[in-house]
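Reader: I am new to this structure and would like to learn how to read its features one at a time. Could you show me the model and then take me through it slowly?

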Amino acid sequence: MTLDQKSFFDVRELSIRFPVRQSVLGADANRLGGEIQSAAGHQFVSALDNVSFRLEAGDTLGLLGHNGSGKTTLLRAMAGIFPPTSGEVKYQGKLGNAININIGFRPEVSGRNNIKLKAIIAGKMRSEFEQLVEDVETFARLGPYLDMPMRTYSHGMRARLAFGVATAFHYDILLLDEWLGAGDKEMQKSASERMKQFVEQANIIILATHHTSLMRRWCNMGLVLQKGRMVFIGPIGEAIEAYNEAYSLEDSP
């Protein structure tokens, strides 16, 4: 791994609240994630509540928690998509993310041209475009669909293209949401091999997945979220144990 020792990611007392309409309360409340709270006569979902941690160069952090625990909200806050209600997010280094397969891609444009658009955004020279396209094409295996609009792609095809693009450029920090566990076994094997190459170059990686076996393989740290609250952060093995314990207690009658 080539490390820039100046890279870091610092999350301090981060809280995010979303207002809730009366029409979605009641039977649907449990589907929102976090906890429904009230203040000054208004109800809101506390999606993240006072989350703090710091990552240094060389750290690969796995986010653990059931659906609705706050993993994706945390990743989106780290990416700057969701502004904090309170607290702050600071980092140093070039940040890339593969959180949502639709973010940053134009559905009316071909896969090939979307790769080139991403290359332009990443500051690449035009002389580098063909090599980047070839690299992503080899991984994504889209065949003739590479020159067709992305709106014609299946979910799996979009996922392969997005993951290929996300790992085609060098980032100091990369945010990933449920990528290594997506797709069929062949896709998972290809993604795992590509991820290995990427890890050797990246400084900090934050990964959310339900596959704890992947976390044991790729992560040195784990953070457990439950209803928007951080209940544990530490070595990945201990984090997985804390995750299993926290959710076994939650599921107990």
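Author: Let us begin with a term: a salt bridge is a side-chain nitrogen of Lys or Arg within 4 Å of a carboxyl oxygen of Asp or Glu. Please keep in mind throughout that this is a predicted model.

Reader: Are Arg106 and Glu108 buried, exposed or partly exposed?

Author: The general idea is that buried means under 20% relative accessible area and exposed over 50%, with partly exposed in between. Arg106 has a relative accessible area of 43% and is therefore partly exposed, and Glu108, at 44%, counts as partly exposed too.

Reader: How many salt bridges does a search of the whole structure find?

Author: The search finds 10 salt bridges. One of them joins Arg12 to Glu88, where the closest N and O atoms are 3.9 Å apart. Because Arg12 belongs to strand 1 (residues 8-19) and Glu88 to strand 5 (residues 86-92), this pair ties together parts that are 76 residues apart in sequence. Arg12 is partly exposed at 43% relative accessible area, and Glu88 is partly exposed at 29%. The two also belong to a network of salt bridges that links Asp10, Arg12, Arg54, Glu56, Glu88 and Lys90.

Reader: Which residue meets Glu130 in a salt bridge?

Author: The side chain of Glu130 meets that of Lys116, at 3.8 Å from N to O. Glu130 sits in helix 3 (residues 129-140) and Lys116 in helix 2 (residues 111-121), so that the pair, 14 residues apart, links distant parts of the chain. Glu130 is partly exposed at 48% relative accessibility, and Lys116 is partly exposed with a relative accessible area of 22%.

Reader: Where is Ser110 found, and what does it touch?

Author: Ser110 is found in the loop between strand 6 and helix 2, and with a relative accessible area of 11% it is buried. A polar atom of its side chain lies 3.1 Å from the backbone nitrogen of Asn113. Leaving aside residues up to four places away in sequence, Ser110 touches Leu146, Asp147, Met148 and Pro149.

Reader: How many aromatic pairs does the structure hold?

Author: It holds six aromatic pairs. In one of them, the rings of Phe18 and Phe82 have their centres 5.4 Å apart, and because their planes stand at 75°, the pair is edge-to-face. Phe18 lies in strand 1 and Phe82 in the loop between helix 1 and strand 5, so this pair ties together parts that are 64 residues apart in sequence. Phe18 is partly exposed at 31% relative accessible area. Phe169 and Tyr171 form an edge-to-face pair as well, 6.5 Å centre to centre with 85° between the planes, and both Phe169 and Tyr171 are buried.

Terms used:
Residues numbered from 1 in each chain as written. Predicted model: local features only at pLDDT ≥ 70, side-chain atom pairs only at ≥ 80, totals over all residues. Heavy atoms only, no water. Helix = DSSP H or I, 4+ residues; strand = E, 2+ residues; numbered from the N terminus. Buried < 20%, exposed > 50% of the residue type's maximum accessible area, 1.4 Å probe, protein only. Polar contact = N/O pair within 3.5 Å; in protein donor to acceptor, adjacent residues only side chain to side chain. Contact = heavy atoms within 4.5 Å. Phe/Tyr/Trp six-rings, centres within 6.5 Å; stacked < 30°, edge-to-face > 60°.
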